[in-house]
Amino acid sequence: MAQTDVTTLGEAGGCAVSQSVVGTCQPVGAHGVAVWWQFAGSDPRAQARALLRTTAAEAVGAPTADVRVGRAASGAPELSGAASGLRAGVSHTRGLVAVALAGPGARLLGVGVDAEAVRPLDAIALAERWFTADEAAWVRALPPGLRSTGLLDLWTRKEAAGKALGTGLRAGGLCRAIGVPPPGAPPGSSRPLAPFPGAPRLTGALLPAPPGYVLACAVSGAGTPSPPVRVAERSAEPCTRPRSSSRARARSRPAWAAICW
């Protein structure tokens, strides 16, 4: 099925973040990053692994049985078999899973993705405990109703960065400076890849996400310009889609898949 819509959400330093609506997942090169999200069923961890395997197989045009998903020493997902050479990241939170794939031509050291459900949090206390002074001040200055989203705006980018580096949030990952959103950008709003302060080859973006969620991606080892990133929904298979709610029925619309490379 032909692509029906591509909307560029922003550009910075030659890097575009786009949301794509297409009928099938098709590999179209090797130089970018794709992120798929999917509403989660009862076993998000297994669903995320299955989503990674399926999308990796489709991206390289191979049967799913020829793609193996393992775990690197860092804990990051590691693809082998037909999908060797692709960098991968996985995240799952309450109600949502997400995977990221980077083509070999992007020449990245790692890719990370993180998703979080927006929920009430003691945002000021958490920011003051874990974030830099500038980041905590930004969260504190937000209207009370936006502080939890603002905290997760920063948190997801920090966690995605840790995954891209292969360290997670160990070794002070939450204290890593990532920069506050630009003036006028609402917390949780999508933004293109941009280098983190003091780390020009570590870049992160906040991606379009379904209502009630924050979704971030980061890549390490990116040159200039950074690789393009595209994000899309992938509708759940019948065996994983929630079955007994009106919200589940609303989600049974045709799949979105990302044109990523």
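Predicted model: local features only at pLDDT ≥ 70, side-chain atom pairs only at ≥ 80, totals over all residues.
**Exercise 1. Find the strand order of the open sheet, and say which strands form its edges.**

Step 1. The sheet has four strands, in the order E8-E11-E10-E9. Their pairing is antiparallel.
Step 2. Look for strands that pair on one side only: these are E8 (110-117) and E9 (191-196). They are the edge strands.
Step 3. From one strand to the next it averages 20°.

**Exercise 2. How many bridges join E8 to E11, and which residues partner Val113 and Gly112?**

Step 1. E11 covers residues 213-220, and eight bridges join it to E8.
Step 2. Start from Val113: its bridge partner in E11 is Cys217.
Step 3. Move to Gly112. Its bridge partner in E11 is Ala218.

**Exercise 3. Decide whether the two faces of E8 are covered or open.**

Step 1. Sort the residues by face. In a regular strand, side chains alternate between the two faces of the sheet.
Step 2. One side of E8 holds Gly110, Gly112, Asp114 and Glu116, all buried.
Step 3. Check the count: eight of the eight residues in E8 are buried.
Step 4. H4 lies across E8, E9, E10 and E11, and runs at about 150° to E8.

**Exercise 4. Classify Cys175 and Cys217 as buried, partly exposed or exposed.**

Step 1. Buried means under 20% relative accessible area, and exposed means over 50%.
Step 2. Cys217 has 1%, so Cys217 is buried.
Step 3. Cys175 has 45%, so Cys175 is partly exposed.
Step 4. Search the whole structure for disulfides: there are zero.

Note on methods:
Residues numbered from 1 in each chain as written. Heavy atoms only, no water. Pairing = 2+ DSSP bridges. Axes fitted to C-alpha atoms, helices over the stretch in contact; angles between N-to-C directions. Contact = heavy atoms within 4.5 Å. Disulfide = S-S within 2.5 Å. Buried < 20%, exposed > 50% of the residue type's maximum accessible area, 1.4 Å probe, protein only.
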